[in-house]
Amino acid sequence: RTRPRPELVRLVLAHLRRRASDLRAEMNRIFGKKKDVAPPPSLTDASGRIDSRVQAMDEKIAKLDLELRKYKEQLKKAKGPTAANIKRRAMETLKRKKMYEQQRDQMAGQAFNIEQTSFAIDSIKDTQTTVAAMKDAAKTLKAETKKLNIDQIEDTQDDLQDMMEDMNEINDMMGRAYGMPDEVDEADLDAELACLEDELEGLEEGETEAAPSYLQPAGMPVEPSAVPAGAPAADAAAEADGVDAFGLPVAPAAQSS
């Protein structure tokens with residue numbers, strides 16, 4: 001078999017494309033072409049437009065306030081027909097101001113409704129996100145819970161409790177004293193303990209009385225006497241009168257010492 005030439009293939013494809021384009025144009029002419037539908041305005045766009053209109057209304061109301069102040073100053077000086085004309089223009093300005101204020105209040109109400117709707121939509125989206133997260137968390141928790149066996153946990157707790165009781169029994173057994181009588185009267189033990197305390201107190205008193213002088217608690221020093229130890233009593237009396245044993249006066253240094 002011979003393959004078709006590339007030039008012939010390109011010509012055929014171009015002819016088919018032109019034919020398909022002609023058919024689409026003919027169908028659009030007969031049935032009409034579908035119009036492109038513009039996307040609906042978003043709440044953000046609507047809120048921005050209303051805010052700009054409210055701002056424009058505020059500017060108009062501010063200008064009318066300036067005009068009313070000007071008319072008020074003119075009325076203070078004008079009289080007669082001039083005052084009536086100024087008053088008429090002031091009334092028209094005041095009417096326009098009231099109309100603008102009413103329109104501004106209406107648009108402010110619309111802006112409030114848009115904000116409430118936007119808040120409700122955001123709340124719904126947040127709720128959907130929260131619910132989806134909770135569902136995923138519930139699946140994870142369920143899968144992790146299946147890894148645990150309640151019966152095994154209970155058996156483990158029982159085994160630990162039994163082992164702790166066994167350890168307490170072992171400690172009690174190891175803490176027993178050997179060679180102790182089976183039955184001991186507590187009253188006899190109290191009486192013996194009291195006698196032992198009395199004996200200990202008597203021993204402490206005896207040790208205190210029989211302690212040597214160098215173990216006794218040290219007292220205050222004794223004031224030395226002017227008379228040396230071993231001196232006769234007559235010599236001591238003579239020195240007390242200012243003379244020695246031979247009737248001679250005692251030196252001042254000796255007296256002072």
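Me: What do the buried residues of H3 pack against?
Reply: They pack against H2. Keep in mind that this is a predicted model.

Me: Which residues of H3 are buried, then?
Reply: Ala83, Ile86, Ala90, Thr93, Lys97, Tyr100, Met107, Ala111 and Ile114.

Me: And what are the buried ones in H2?
Reply: In H2 the buried residues are Ser47, Ile50, Val54, Met57, Ile61, Leu64 and Tyr71. H3 is included in what covers them.

Me: OK, which residues make up the largest nonpolar core?
Reply: That core has nine residues: Ile50, Val54, Met57, Ile61, Leu64, Tyr100, Met107, Ala111 and Ile114. The elements that contribute two or more residues to this core are H2, residues 43-77, and H3, residues 81-146. H2 supplies the largest share, with five residues.

Me: What does Met107 touch?
Reply: Leaving out residues up to four places away in sequence, Met107 touches Ile50, Arg53, Val54 and Met57.

Me: Which residues are in the second core?
Reply: The second core is separate and has five residues, including Tyr71, Ala78, Ile86 and Ala90. Tyr71 is one of the buried residues of H2, while Ile86 and Ala90 are among the buried ones in H3.

Me: Why say the end-to-end span of H3 agrees with what a helix should give?
Reply: Because 66 residues at 1.5 Å a residue should span 98 Å, and the end C-alpha atoms of H3 are 97 Å apart.

Me: How far does H2 reach?
Reply: H2 has 35 residues and covers 52 Å from its first C-alpha to its last, close to the expected 51 Å at 1.5 Å a residue.

Me: Switching to the surface: which residues make the nonpolar patch of about 410 Å²?
Reply: Leu8, Val9, Val12, Leu13 and Leu16 make that patch. Leu16 sits in helix H1, which runs over residues 6-31.

Me: Last one: of the contacts between residues at least 6 apart in sequence, what percentage join residues at least 24 apart?
Reply: For this chain, 61% of those contacts do.

Definitions and conventions. Residues numbered from 1 in each chain as written. Predicted model: local features only at pLDDT ≥ 70, side-chain atom pairs only at ≥ 80, totals over all residues. Heavy atoms only, no water. Core = buried A, V, L, I, M, F, W, Y, C linked by side-chain atoms within 4.5 Å. Buried < 20%, exposed > 50% of the residue type's maximum accessible area, 1.4 Å probe, protein only. Helix = DSSP H or I, 4+ residues; strand = E, 2+ residues; numbered from the N terminus. Contact = heavy atoms within 4.5 Å. Patch = residues over 30% accessible without salt bridge, like charges linked within 9 Å, V, L, I, M, F, W, Y side chains within 5 Å. Areas by Shrake-Rupley, 256 points an atom, 1.4 Å probe, with all protein chains shown as cover. Salt bridge = Lys/Arg side-chain N within 4 Å of Asp/Glu carboxyl O. Expected span 1.5 Å × (residues − 1).
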